[in-house]
Amino acid sequence: MISHGVEWMLTSHIRRSLAYGALLTIVWGCMTSGLWAQGAVEPAPLPPGLPTLGEESPIPTKNLLQVFHDGGMLMYPIALCSFILLVFVFERAISLRRGRVIPRPFVKRFIEQVKEGRIDQDQALALCEENQSPVAEVFAAAVKKWGRSCVEVEQAILDAGERVTSRLRQYLRLFNGISTISPLLGLLGTVLGMISAFNAIAANGEAAGQRELLASGISQALLTTAAGMSVALPALIAYLFFSGRVDRLIMEIDLHSQEVVNAIASDGWKDKRKSTSRRASRSSAKAA
């Protein structure tokens with residue numbers, strides 16, 4: 001009886017364990033089948049109008065006229081500033097050439113002839129009037145004071161130099177003005193464009209599409225700022241470049257003018273060795 005009871009208890013325990021194992025197997029199978037079913041779910045379809053992964057969407061582009069039109073009315077004065085800048089940059093580049101302001105053949109020949117005494121006052125003045133360069137204008141003012149003291153000759157050179165400097169610096173203020181006005185025009189266009197964008201959003205009244213409308217309005221408003229800075233930077237570079245060139249030309253004119261002062265002034269410094277050799281050559285030529 002005891003052995004039969006133990007055998008029955010063991011078999012009931014085994015049956016209970018097998019039932020639990022079968023129940024766990026069924027539960028595990030249901031869970032795994034659910035996970036695989038979730039992993040096999042197809043992706044949701046994209047909203048209509050959006051390109052799929054395999055399709056290539058064309059990149060939106062704009063030409064220069066469309067960008068100019070989107071910038072607003074203030075793009076017109078900015079374009080006018082750019083046109084004026086382009087014209088006068090070419091004009092100054094031609095007018096401030098070294099060969100036009102200080103022609104080296106004329107300067108070298110004139111100074112040599114004046115130092116050696118091969119020309120007199122009338123001939124020197126005729127050469128300067130014939131050349132008509134800025135350095136010749138300064139030389140002509142000095143020649144008109146031929147034989148005077150160094151102070152009088154230098155004063156004449158200073159007066160003529162101021163007139164020449166004013167003419168060489170012509171239109172440089174225009175470059176400075178364009179570099180200052182163009183960014184201000186761009187900022188004004190940006191402010192006006194943002195005001196119109198906010199007014200359009202307020203007039204729309206719908207929450208949908210307000211971000212897109214605001215982004216579009218701000219992007220169009222910033223076009224004027226970009227255009228103004230694109231004109232201002234070349235204008236500032238041109239102003240600094242031509243100002244430096246004018247300063248270098250004036251310094252060179254002053255250097256050559258000092259040589260003329262020493263040659264024609266009554267109390268100017270002269271090289272005694274050259275004057276002695278010239279006198280000796282003249283006396284030998286007369287004796288022959």
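In which handedness of crossing does α3 pass α9? The crossing is left-handed, a label used when the near helix is turned anticlockwise from the far one by less than a right angle (right-handed if clockwise). The model is predicted, so to speak of local features takes a pLDDT of at least 70 and side-chain atom pairs count only at pLDDT 80 or more, while totals for chains, interfaces and linings use all residues. Residues are numbered from 1 along each chain as its sequence is written, and side-chain values use heavy atoms, with hydrogens and water left out.

On the overall picture, the protein chain has eleven helices and zero strands (DSSP runs numbered from the N terminus: H or I of at least four residues for helices, E of at least two for strands). Of its 288 residues, 27% count as buried, that is, under 20% relative accessible area, with exposed meaning over 50% and partly exposed in between (1.4 Å probe, protein chains only). Among contacts (heavy atoms within 4.5 Å) with a separation of 6 or more, 76% come from residues 24 or more positions apart.

Back to the opening pair. Helix α3 (residues 75-95) and helix α9 (residues 172-204) have axes that come within 10 Å and cross at roughly 160 degrees; axes are lines fitted to C-alpha atoms, for helices over the stretch in contact, and angles run from 0 to 180 degrees between N-to-C directions. The two are therefore roughly antiparallel (over 145 degrees; under 35 is roughly parallel, 65 to 115 roughly perpendicular and the rest oblique). By class, the contact has eleven nonpolar, two polar and one charged residues, where Ala, Val, Leu, Ile, Met, Phe, Trp, Tyr, Cys and Pro count as nonpolar, Asp, Glu, Lys and Arg as charged, and the others, Gly among them, as polar.

Next come α5 and helix α6 (residues 121-131), packed at about 175 degrees with their axes 11 Å apart, and therefore roughly antiparallel too. Here Phe106, Phe110 and Gln113 in α5 meet Ala124, Leu127, Cys128 and Asn131 in α6.

Phe106 and Phe110 turn up again with Phe139 in one aromatic cluster. Rings of Phe, Tyr and Trp (its six-membered ring) pair if their centres lie within 6.5 Å, with planes under 30 degrees apart stacked, over 60 edge-to-face and the rest tilted. Phe110 and Phe139 are stacked, at 5.2 Å centre to centre and 10 degrees between the planes. Phe110 lies in helix α5 (residues 104-116) and Phe139 in helix α7 (residues 134-143), so the pair ties together parts that are 29 residues apart in sequence. Phe110 is buried at 1% relative accessibility, and Phe139 is buried at 0%.
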